[in-house]
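Dear colleague,

My notes on it follow directly after.

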Amino acid sequence: MIHGSTTLQRQRADGIAIGELSRRTGVNIETIRYYEKIKVLPPAPRTRSGRRIYGSAETRELSFIRRARELGFTLDEIRALLRLVERGFSCGEVQELTRHHLAAVKQKIADLRRIERILRKTSEQCAGGKVPECPIIDVLFGER
């Protein structure tokens with residue numbers, strides 16, 4: 001039996017445990033607990049024995065969070081998206097948030113390409129011998 005109102009008890013009577021939620025959504029159990037701790041996911045109701053119990057709404061929301069993380073959205077961006085969903089959103093609001101995220105992704109890609117060029121160039125300068133001089137180490141120390 002779950003603490004709380006009779007309505008909540010009826011809603012959760014067929015609820016699932018955290019392990020099953022993890023299996024259904026592909027999200028690690030510790031990650032689910034972390035999301036609850038940092039309030040990305042609301043805290044789950046608990047049985048009298050203290051076990052978390054989840055329903056279809058939590059399964060859907062956690063799947064949303066997982067997919068958003070796969071697309072690189074930050075936890076703050078996900079919170080913003082969930083707030084939009086909760087209060088009723090317009091497609092334009094979601095598009096604006098997504099465009100900001102897309103700009104950040106494009107910047108990361110540019111940064112990764114720059115890093116790739118530096119690493120390639122530095123690696124090509126290294127003879128790979130047994131001498132104590134190494135252009136890669138020099139670059140890391142900022143000497144080149």
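Which residues form a nonpolar patch on the surface? The patch is made of Ile136, Ile137, Leu140 and Phe141, which together have about 440 Å² of accessible area. Patches consist of residues with over 30% relative accessible area and no salt bridge, with like charges joined within 9 Å and nonpolar side chains (Val, Leu, Ile, Met, Phe, Trp, Tyr) within 5 Å. A salt bridge is a side-chain nitrogen of Lys or Arg within 4 Å of a carboxyl oxygen of Asp or Glu. Areas are from the Shrake-Rupley method with a 1.4 Å probe, and for residues only the protein chains shown count as cover.

Please note that this is a predicted model, in which local features need pLDDT of at least 70 and side-chain atom pairs count only at pLDDT 80 or more, while totals for chains, interfaces and linings use all residues. Residues are numbered from 1 along each chain as its sequence is written, and side-chain values use heavy atoms, leaving out hydrogens and water.

Phe141 lies in the segment after α7 (135–140); helices are DSSP runs (H or I, at least four residues), numbered from the N terminus. Phe141 counts as exposed because its relative accessibility is 64%; the cut-offs are under 20% for buried, over 50% for exposed and in between for partly exposed (1.4 Å probe, protein chains only).

Helix α2 (residues 18–25) includes Thr25, and Ile18 lies in helix α2 too. Thr25 is buried, at 3% relative accessibility, and Ile18 is buried at 12%. Leaving aside neighbours within four places in sequence, Thr25 is in contact (heavy atoms within 4.5 Å) with Thr59, Leu62, Ser63 and Arg66. With residues up to four places away likewise not counted, Ile18 touches Ile29, Ile32, Arg33, Arg52 and Tyr54. Of these, Ile32 is 14 residues from Ile18 in sequence and 8.0 Å from it in space, C-alpha to C-alpha.

Helix α6 (residues 91–125) has 35 residues and should span 51 Å, which agrees with its end C-alpha atoms being 51 Å apart; the expected span is 1.5 Å times one less than the number of residues. Leu97, His101 and Thr122 are buried in α6, and the buried residues of this helix pack against α5 (75–87) and α7.

Finally, there is 1 aromatic pair. The ring centres of Tyr34 and Tyr35 are 6.3 Å apart and their planes stand at 45 degrees, so the pair is tilted. Rings of Phe, Tyr and Trp (its six-membered ring) pair if their centres lie within 6.5 Å, with planes under 30 degrees apart counted as stacked, over 60 as edge-to-face and the rest as tilted.

Methods. Helices (H or I, at least four residues) and strands (E, at least two) are DSSP runs, numbered from the N terminus.
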